[in-house]
Amino acid sequence: MKTIAIIQARQSSTRLPGKALMDLAGKPVIARVVAAAQAIPGIDKAVVATTDQPADDALAAWCAANTVPCHRGSEEDVLDRFLLAARAEQADIIIRLTGDCPLLDPWVAGSVVALRAARKLDYASNIAPATWPDGLDCEVFTRAALESAAAEANRPMEREHVTPYLRDNRHRFRQECVIAPLPGLQAERWTLDEDKDFEFLAAVLARLPAKAAPPSWMEVWAVLEANPDLRDINRKIVRNAGFAKTLRAEKAPAWRGAKVSGELLKRAEKVIPLGSQTFSKSHIQYPAGAPMFLTHGQGGRVWDVDGNCYVDLVSGLLPVVLGYQDPDVDQAIRSQLNNGISLSLATELETELAERLVEIIPCAEAVRFGKNGTDATSAAIRLARAFTGRDRVIACGYHGWQDWYIGATVRHKGVPGAVRELTHMAPYGDLDALLALFKAHPGEIAALIMEPMNAVEPPAGYLEQVKDIVHAHGALLVFDEVITGFRYALGGAQALFGVTPDLASFGKAMGNGMPISAVVGRADILHEMENIFFSGTFGGETLSLAASIAVIDKMKSQPVIERLWQMGEVLATETEALAAKHGLSDVVSMVGKAPWKIFAFKPHPQARVEAMKTLFSYHVMQNGVLLLASHNLCYAHTEDDLGVVLRAYDTAFGRVAEELATGKLEERLPCKAVEPIFKVR
């Protein structure tokens with residue numbers, strides 16, 4: 001098999017014209033890149049792919065003078081330019097390099113080449129996720145994959161940046177990534193795109209030992225460790241600014257449909273009820289034809305098996321609070337992976353995380369861990385019953401799938417009647433109803449478990465009065481902070497509202513997607529853990545513990561929650577403005593706190609709420625946004641992401657308004673209206 005490195009280069013760079021032939025420490029930039037490419041283990045040839053524009057005649061002349069094969073093609077359609085070069089060279093395997101990486105390390109690139117060969121991949125890289133310095137980028141793919149991309153990619157950014165089509169279609173193209181051995185390398189900038197980059201590179205090269213071979217990344221790293229001030233030269237330049245600019249300028253791409261999703265759903269339903277592990281992730285909660293299977297997420301976006309990209313406002317049903325592939329959390333997981341996942345005894349990680357929770361959560365004096373929110377809420381109820389010696393509980397909100405709670409809802413099939421009778425539902429904000437339940441069952445109620453807030457703002461003094469009532473009747477107050485924890489405030493809603501419960505359950509965002517939850521509270525109550533039975537093989541699973549520690553540390557050092565509040569407020573305000581623009585203010589509003597705003601659709605004379613929500617969701621999804629019923633924002637969401645969301649909302653609100661005007665919205669729905677599983681808020 002013939003393997004060639006194709007170096008993409010041109011002289012008409014927007015930010016730094018002529019950079020390919022600029023003299024950098026005695027050599028043209030392109031000469032340094034070519035030399036590094038030629039030294040990559042496992043390649044047969046290095047060639048340059050430039051444009052057919054007069055501005056690149058000088059680059060082509062340099063190639064001719066230095067016996068470097070040069071292939072010229074479209075300035076805009078770089079994907080076609082790569083295909084032209086690959087065909088001309090009769091290449092089987094292509095290494096994509098760019099002419100702005102004069103510190104390219106042949107051995108790093110060689111690792112990517114070796115990974116592709118060893119794993120028989122269609123595509124391999126060291127950029128997805130980005131863990132190496134910007135300037136060591138390398139992508140390797142098969143000629144067959146390149147041919148497919150060239151024939152099928154139709155978005156301008158896919159043609160300009162060559163490989164997005166391959167990376168987006170992970171279900172179709174097998175791919176893996178070479179991860180950097182040191183944490184934090186992705187923050188380094190060793191590329192050439194602006195004047196400050198040139199100044200930085202010249203300073204680094206001046207300090208490297210003189211030798212004929214290209215420098216290794218470790219030699220560059222050593223220079224920077226010895227001269228850390230050099231990093232300040234170009235530190236403020238944003239990585240991949242050109243790619244972001246292309247995306248920003250692009251209108252919503254044409255939706256590629258959900259054919260593969262549909263085929264996989266049929267396959268899954270043969271062996272998995274609903275085809276999903278979670279009701280809220282299943283096809284019954286999305287319009288027909290929606291994507292049902294995702295391949296990967298990055299930042300605040302996800303990709304489905306058909307290659308569609310979405311700004312993700314579901315965020316895994318709220319666990320993904322920092323963003324997909326957060327570098328700090330992922331590094332913590334990788335580091336712990338080297339030590340083991342589920343060990344035969346406890347690890348110090350359990351104590352380290354518990355100590356952090358005790359520090360940040362007002363009610364926490366002791367902690368026990370679970371894997372999901374239901375574990376934590378159910379543990380709290382069992383603790384409350386053991387501590388008080390009572391059996392009945394009052395629930396206010398949604399608290400998971402266990403018998404003690406779900407038996408009190410319409411989804412009670414399979415729950416014994418005797419269990420169902422022990423849980424009573426109380427409406428949020430209604431103190432009289434709460435008092436009535438205590439009076440109806442004097443001395444029998446162990447606890448009130450409640451979401452301190454969801455869609456409705458607590459009335460003035462409400463939470464304080466709830467606590468007083470509960471304690472006056474000898475019961476315990478339990479806050480279900482599975483959603484509000486690590487989102488409203490680092491210490492949860494109890495920290496935000498200044499009301500401390502006896503027990504609280506946390507989960508979801510606690511591990512940025514890793515399965516972990518916690519029941520926390522008064523030490524005297526948690527002491528009952530030594531008497532009740534709450535025990536699980538994976539309670540001390542180390543990867544999730546390490547992830548949660550990383551989440552807390554990042555939230556303490558960076559303005560994560562502040563940004564959730566700021567973005568949430570902006571998005572909600574703009575959403576309501578768009579609803580007003582289309583005459584839908586009487587139909588649509590946003591409720592709840594800014595970090596978790598919920599859509600509130602109101603009845604309309606011409607259509608049911610469920611029908612309007614379905615039509616809205618249908619068009620939002622086809623315009624690049626994955627949405628259920630709320631703004632589940634994460635720290636990685638950007639202003640560009642919000643722009644995509646608002647463009648999608650503008651289109652979707654327009655369609656809802658148009659269909660309401662016909663008086664036949666539900667009759668004309670493109671799919672069956674989505675009905676709620678059951679209503680708890």
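# Close-up views of a predicted model

**View 1. Cysteines C70 and C138.** The sulfur of C70 lies 4.2 Å from the closest cysteine sulfur, that of C63, which is too far for a bond. A disulfide is taken as a pair of cysteine sulfur atoms within 2.5 Å. For C138, the closest cysteine sulfur belongs to C101, and the 9.8 Å between the two sulfurs is likewise too far for a bond. By this rule the count of disulfides is zero. C70 counts as partly exposed because its relative accessibility is 26%, whereas C138, at 1%, counts as buried. Here buried means under 20% relative accessible area, exposed means over 50%, and partly exposed is in between (1.4 Å probe, protein chains only). The model is predicted, so local features need pLDDT of at least 70 and side-chain atom pairs count only at pLDDT 80 or more, while totals for chains, interfaces and linings use all residues. Residues are numbered from 1 along each chain as its sequence is written, and side-chain values use heavy atoms, with hydrogens and water left out.

View 2. Strand β11 covers residues 301-304. Strands (E, at least two residues) and helices (H or I, at least four residues) are DSSP runs numbered from the N terminus. Both faces of β11 are covered, with R301 and W303 buried on one side and V302 and D304 buried on the other. Strand β10 (residues 294-298) pairs with β11 in the antiparallel sense over four bridges; two strands pair if DSSP finds at least two bridges between them. In this pairing L294 stands opposite D304 of β11. The β10-β11 hairpin has two residues between its strands, and G299 in the turn has a positive phi of about 65°. Strand β12 (residues 309-312) also runs antiparallel to β11, joined by three bridges, and Y310 in β12 is the bridge partner of V302. Four residues separate the strands of the β11-β12 hairpin, where G307 takes a positive phi near 90°.

**View 3. The open sheet from β13 to β15.** Seven strands in the order β13-β19-β18-β17-β16-β14-β15 make up an open sheet of mixed pairing. β13 (366-370) and β15 (423-425) are at the edges with a single partner strand each, so one side of each has no neighbour in the sheet. The twist from one strand to the next averages 20°. Axes are lines fitted to C-alpha atoms, for helices over the stretch in contact, and angles between N-to-C directions run from 0 to 180 degrees. Strands β18 (residues 503-506) and β19 (residues 517-521) run antiparallel and are joined by four bridges, with L503 opposite G521 of β19.

**View 4. Helices α14 and α18 on this sheet.** Helix α14 (residues 373-388) lies across β13, β14 (392-396), β16 (445-450), β17 (476-481), β18 and β19, at about 30° to β19. Contact means heavy atoms within 4.5 Å. Helix α18 (residues 462-472) lies across β16 and β17, and runs at about 140° to β17.

View 5. Strand β7 (residues 123-125) pairs with strand β8 (residues 139-142) through three bridges in the antiparallel sense, and S125 stands opposite E139 in β8.
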